[in-house]
Amino acid sequence: MKERFGLAFFTFAAAVSILAAWEHPSLLAWIAALHNAILAGLYARRRPARDYDRQGLWLGLIAAVLPLAAPYPDEIPLVILIIGMSGYTLVIWSLLVLGTRFGIAPADRGLVAHGPYRLVRHPMYLGELLLRLALVSVSPQPILSASLFVALAAIQVSRARREERIIAGYPQYTVQVPYRLIPGVW
């Protein structure tokens, strides 16, 4: 049941984001549509989990939906667009490297230690936060957007810690890649 719910969730998100990009075309809108289509495709083919965190599932769903409440600016300066695009690039690169190991809830589907995962342990979360921070900086409602960003950052940190407890081989991986989200810092 939960597998069908997850697939329906990501398929719906892909369809809505494609329609939104069609109606209000922009580079970020089309990349969001691509991102959601990749999520749906990976979710449909993902590996079964060896261990699974049910509470983490709710955190993952909230993290997926929370950014939708943030207003998008009508125009984005080139520098901010480049920062946001670099975040989205990191998200999509991370997803493609994860492949069938992708899941919304912390689960053990095997450890990935190559691609962006050799730089930081949670590059997808880093990319998402970088994108959202860029959007906060040009938001038409900065207080709302900043509040949503802080909530998303807290959720992503919680998800990262949950994953670290559940995935086999993580202690050895932390020696190889010492930083969770920010290279050289944390």
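Guide: Let's start with a term: helices (H or I, at least four residues) and strands (E, at least two) are DSSP runs, numbered from the N terminus. From the N terminus on, the protein chain's elements run α-α-α-α-α-α-α, and the tally is 7 helices and 0 strands. By the way, this is a predicted model, where local features need pLDDT of at least 70, side-chain atom pairs count only at pLDDT 80 or more, and totals for chains, interfaces and linings use all residues. Residues are numbered from 1 along each chain as its sequence is written, and side-chain values use heavy atoms, with hydrogens and water left out.

Visitor: How do you know what radius of gyration a compact globule with 186 residues would have, and what does the protein chain have?

Guide: The radius is taken over C-alpha atoms, and the globule rule is 2.2 Å times the number of residues to the power 0.38. For 186 residues that gives a value near 16 Å, and the protein chain has 16 Å, so the two agree. Along its principal axes, the C-alpha trace spans about 45 × 40 × 25 Å.

Visitor: What makes the span of helix α2 close to the expected one?

Guide: The expected span is 1.5 Å times one less than the number of residues. Helix α2 (residues 27-45) has 19 residues; the expected figure is 27 Å, and α2 reaches 27 Å from its first C-alpha to its last.

Visitor: Which residues is H35 in contact with, leaving aside its neighbours within four places in sequence?

Guide: Contact means heavy atoms within 4.5 Å. By that rule, H35 is in contact with Y88, V91 and L95. Across the protein chain, residues 24 or more positions apart account for 80% of the contacts with a separation of 6 or more.
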